[in-house]
Amino acid sequence: MKKKVLVAREVFDETLQYLAQHCEVASNQANVPYTTDELVRKLAGVDAAVIMSVDRVDDAFLAACPSVKAVCSASVGYNHIDLAACTRRGVMATNTPGVLTNSVADFAVCLTLATCRRLPEAERFLRTGEWQGTHLKEMLGVDLHHATVGICGFGRIGQTIAQRLQGFEVKVLYAARHRVAPEIERRLNASHAYKDDLLRQADIVILILPYSQETHHYIGQRELGLMKRTAVLINAARGGIVDDTALVEALEARRIWAAGLDVYENEPKVNPGLYKLSNAVLSPHIASASEPTRQAMAMTAAKNCVAAVSGGTPPNLLNPEVRLQGVRA
Ligand code: DGY
């Protein structure tokens, strides 16, 4: 008998076709997310779920879905999954590392340039008919080329951003829990810096670190106070890494020059203060949203899911201890 899988969010036809070759599949192909209660109801008797970073998996959820043996997220970030609870309850959890590295790095550079050069504001200015012809002092921005760029978080994506930035001849500083190997520093022309030093020195600060209790409000009032008044802050990582209330205050007071944000505390809600600020460039959590990358993320999650329900070890298992201690019956 085929194992049962629920796909909690809209995915691609190819993803569903692949899953259907191996499992009995039910899916939410409406572009309206299930509420947690709906999701719990739909998961009754189901073996595994393909979820997204907006689907919260905590201990109560796992208790309410006793048949579920695997939660397979189509995201690299997994702060929405309580891994310890999954392990305790014998549930495998997986993510999709690697397949989105290039697209997220591209987008981080795109958001940096759009923010530095005020692209959305300039477009609004033109579309509303305010433009009277080129004026030397109009829409003045900040240069990315030859800037000092501080990258906070220097894993796969952070390093790929540094690689992209070499073309802009920038000086790269990075802050990370672990210093990378000297040959990587040399290849990426990057120097390690302590967080506070990086914040003091950087013209542009790019956040690309995972969210956890330790990185909650990694940038708050104190950190914004250390940054240059001319600095640009980019968050392409996770909401909650920045204290959005403190950021709104800093942007309003021009304590820093501008921010480009792809992620927010309490998504999909956005701090209303941000909407009012012309020096905030805002996008709706789309860093990985190129067609091939989103396809690859969905397929990677599906492959993890099929491996999990077939008794194998999913390639991107986040809690391998579960395999040793036993998956729940
Ligand atoms: C990820 O993969 O973590 C992206 O932020 C999409 O949620």
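Which polar side-chain atom lies 2.6 Å from an oxygen atom of the ligand? In this predicted model, that atom belongs to Arg-238, and a polar side-chain atom of His-285 lies 2.7 Å from an oxygen atom of the ligand. On its own the ligand has 230 Å² of accessible area, of which the protein covers 90%.

Around the ligand stand Ser-53, Ser-75, Val-76, Gly-77, Leu-100, Arg-238, His-285 and Met-297, a shell that divides into three nonpolar residues, four polar ones and one charged one.

We turn now to the sheet. Five strands, paired in parallel, make up an open sheet whose order is β2-β1-β3-β4-β5. Because β2 (23-27) and β5 (92-94) stand at the edges and have a single partner strand each, one side of each of them is left without a neighbour in the sheet. From one strand to the next the twist averages 15°. Within the sheet, β3 (residues 48-51) and β4 (residues 70-73) pair in the parallel sense over four bridges, and Ile-51 is placed opposite Ser-73 in β4.

Two helices may be followed in relation to these strands. Helix α1 (residues 13-22) packs on the sheet, where it touches β1 (3-7), β2 and β3, and its direction makes about 140° with that of β2. Helix α13 (residues 291-309), for its part, lies across β1, β2, β3, β4 and β5 and runs at about 165° to β4.

Conventions
Residues numbered from 1 in each chain as written. Predicted model: local features only at pLDDT ≥ 70, side-chain atom pairs only at ≥ 80, totals over all residues. Heavy atoms only, no water. Near = heavy atom within 4 Å. Polar contact = N/O pair within 3.5 Å; in protein donor to acceptor, adjacent residues only side chain to side chain. Areas by Shrake-Rupley, 256 points an atom, 1.4 Å probe, with all protein chains shown as cover. Nonpolar A, V, L, I, M, F, W, Y, C, P; charged D, E, K, R; others polar. Pairing = 2+ DSSP bridges. Axes fitted to C-alpha atoms, helices over the stretch in contact; angles between N-to-C directions. Contact = heavy atoms within 4.5 Å.
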